[in-house]
Number of protein chains: 2
Amino acid sequence: MSMGNNYELYKVFYWAAKTGSLTQAAKALFLTQPSVSHAIKQLEDRLGITLFYRNSKGVALTHEGAILYSYIEQSQILISRAEEKMASLKNLESGELRIGGSDSLFKHYLLPYLEGFLQKHPGIRLHLNHGTTPEIIAFLKEGRIDLGVVRMPIVDSQLKVTESIQLQDCFVAGPRFAELKNMVLSFDMLLQYPIILFSRNSRARMAITELFESYGYKLKPEIEVGSVDLLIEFARKGLGISYVTREFVSKELEEGSLFEIQLDVQLPPSHVGIMIMRNMPLSISASRFIELVR
Amino acid sequence: MSMGNNYELYKVFYWAAKTGSLTQAAKALFLTQPSVSHAIKQLEDRLGITLFYRNSKGVALTHEGAILYSYIEQSQILISRAEEKMASLKNLESGELRIGGSDSLFKHYLLPYLEGFLQKHPGIRLHLNHGTTPEIIAFLKEGRIDLGVVRMPIVDSQLKVTESIQLQDCFVAGPRFAELKNMVLSFDMLLQYPIILFSRNSRARMAITELFESYGYKLKPEIEVGSVDLLIEFARKGLGISYVTREFVSKELEEGSLFEIQLDVQLPPSHVGIMIMRNMPLSISASRFIELVR
DNA sequence: TATTTCCCATAGACATGGTCTATAGCTCCT
DNA sequence: AGGAGCTATAGACCATGTCTATGGGAAATA
């Protein structure tokens, strides 16, 4: 068979060589001296090479033993480093957390959790990948991210989605349209005003468009913008009425730079979903982060 | 206690990661698949970290597993190299042979053995250290040479000396003293001629000086030289009568450029001794070389 | 020289734990 | 639906690594 079959013997050899004493090696390894003696003898037998000179002071490497040691020492050091690294990963002293989602969810939903997590675990490197929901799902399946944060609903049998907080989309306007503040509008009335929508095929836009259609209306935006920030900004400047997530404009609503348009139809709420791969183990950092969010 | 206690598990991990399959790893390690499965599970449990994604095609490293692998791979490669190196040492495909002795013994006694040994084992590097007998003994005790080749007798309890071939010292002269060729000389007569001796405190010189003294004569050389080659050369040139080892001038005796002086007293023979440290394991190359010489 | 005190080696009992066979569950492919 | 890959699990078994007890040798101590 192969010669030095049992790698445990190299560990014993390493400590015996390093300490120059079987007794010391035994202490380091939490073994007894005879065990170490036996292990060394066994390694020597398997290799067919005498590795140590024994005398009453201890042991010393033979020439061949010294050659072996030069390799084994490196090998053992690598294993030690590996174990240290694993410990640091486990304790979240190092590692990385890779999250996919939309910019707005990062900013308005995840930010406080991320702050807390990074403060508690400064060794963790954070990677945020933004994209559309299908892109995020693709990232997840490619293993490029540990978890995705998107709007529900998600239907994909490979994914496990846990519902998180509820969000309420709504129409908001700036002071320019102050006359609408205390009114309850119908879709009909709303469509008299310039509408600002998110430009991309976002889940929220598709949902609201469908809702209007189900009532027999066509929702055609005057302006399309590419970011949630611009949706807010344009509404504030009076360029139109923006369809936004209420929770994302809570500051503007409070300070009065925006107000919510009241409609005679209840707009459907949406939920944030946290997606992970079903049947795939979570990275340590990701599972800890999800605990934190929940 | 410490986490990844059993280094055997890393070997299993290495092959599982390398082949991407527990079944393949089992084949490589001459184990069964359940054993590998169990070993991996155990390593994961001990580390507290999931190392592989399992699916019906096989296994794939998790992020953490990949980090572990980057260390373990190096470590395993080093062990493989170590085992290869040990095998090559054992087969005398590499290694070194360090011998101490006198120049003349190297040249006239060991040379043919060394030639044969090196031809058979071209990977072995030879180190020859010359010095006086006490120096050689010191080298041995310091571990700077594997074996020493010197004249007997040696008395040192730390050494194990095996007697090798017998050598006969004698006086030789060149054609200049041809008149002595068929004579049997007494010490008295011999001392009429210029004597050439080895200059250093060599064992042979001390022995012959003592012998003369035991017969009541004082052996005082006309010329002292520092090498055996010069002893021979000076005698050939007729500068005097040299005290040399007969076996070392066999060529000159045959071709007639030197002849042996016959004495009425039998000069004591000497033996070559091969010294090694008692109670210390021999290097592989040294023990094989000694077998060859014996 | 006698004594103590370190070492390491050996013997034999014991139990841990690694390995096996058998089997089940899963996914993908035909 | 069936087959052919995987991996996971259960439980029996025994090899081997570990222990205690002991012996012997060398070196320091007295």
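Colleague: Leu92(A), then: buried or exposed?
Modeller: Bear in mind that this is a predicted model. Leu92(A) sits in the loop between α4 (63–90) and β3 (96–101) of chain A, and its phi is positive, about 60 degrees, although the residue is not a glycine. The cut-off for burial is under 20% relative accessible area. Leu92(A) has 2% relative accessibility, so the label is buried.

Colleague: And Phe30(A), buried or exposed?
Modeller: Phe30(A) is another residue other than glycine with a positive phi, near 55 degrees. Its place is the loop between α2 (22–29) and α3 of chain A. Exposed needs over 50%, and because Phe30(A) comes out at 78% relative accessibility, the answer is exposed.

Colleague: How many residues of β5(A) are buried?
Modeller: Look at the partners of this strand. β5(A) pairs with β3(A) in the parallel sense over three bridges, with Ile99(A) opposite Leu147(A). β5(A) also pairs with β13 (269–277) of chain A, in the antiparallel sense over four bridges. The strand is largely enclosed by the rest of the structure, because the buried count is five of the five.

Colleague: Which residue in β13(A) stands opposite Arg151(A)?
Modeller: Arg151(A) belongs to β5(A), which runs over 147–151. The pairing of β5(A) with β13(A) is antiparallel, and the residue opposite Arg151(A) there is Val272(A).

Colleague: What is omega for the peptide bond from Met152(A) to Pro153(A)?
Modeller: Pro153(A) lies in the loop between β5 (147–151) and β6 (159–173) of chain A. In chain B, Pro153(B) is in the loop between β5 (147–151) and β6 (159–173), and its bond with Met152(B) is cis, with omega about -5 degrees. The bond from Met152(A) to Pro153(A) is cis too, with omega near -5 degrees.

Colleague: Which residue has a side-chain N or O atom 2.3 Å from a phosphate oxygen of DNA strand D?
Modeller: Among the 20 residues around DNA strand D, those that come nearest are Thr32(A), Leu22(B), Thr23(B), Ser37(B) and Arg54(B). Leu22(B) puts a backbone N or O atom 2.6 Å from a phosphate oxygen, while the side-chain pair at 2.3 Å belongs to Arg54(B).

Colleague: What about the bases: which residue has a polar side-chain atom 3.2 Å from a base nitrogen of DNA strand D?
Modeller: The elements that each supply at least two residues of this surface are α3 (33–47) of chain A plus α2 (22–29), α3 (33–47) and β2 (58–61) of chain B. The surface splits into six nonpolar, twelve polar and two charged residues. The base nitrogen is reached at 3.2 Å by a polar side-chain atom of Gln33(B).

Colleague: Back to chain A: which residue of β2(A) is the bridge partner of Tyr53(A)?
Modeller: β1 (52–55) and β2 (58–61) of chain A pair in the antiparallel sense over four bridges. A hairpin of two residues joins them. Across that pairing, the partner of Tyr53(A) is Ala60(A).

How values were computed: Residues are numbered from 1 along each chain as its sequence is written. Chains are lettered from A and ligands numbered from 1 in the order in which they are written. This is a predicted model: local features need pLDDT of at least 70, side-chain atom pairs count only at pLDDT 80 or more; totals for chains, interfaces and linings use all residues. Side-chain values use heavy atoms; hydrogens and water are left out. A residue is near a molecule or strand if one of its heavy atoms lies within 4 Å of it. A polar contact is a pair of N or O atoms within 3.5 Å; within protein, one must be able to donate a hydrogen and the other to accept it, and residues adjacent in sequence count only if both atoms are side-chain atoms. Ala, Val, Leu, Ile, Met, Phe, Trp, Tyr, Cys and Pro count as nonpolar, Asp, Glu, Lys and Arg as charged, and the others, Gly among them, as polar. Two strands pair if DSSP finds at least two bridges between them. Buried means under 20% relative accessible area, exposed over 50%, partly exposed in between (1.4 Å probe, protein chains only).
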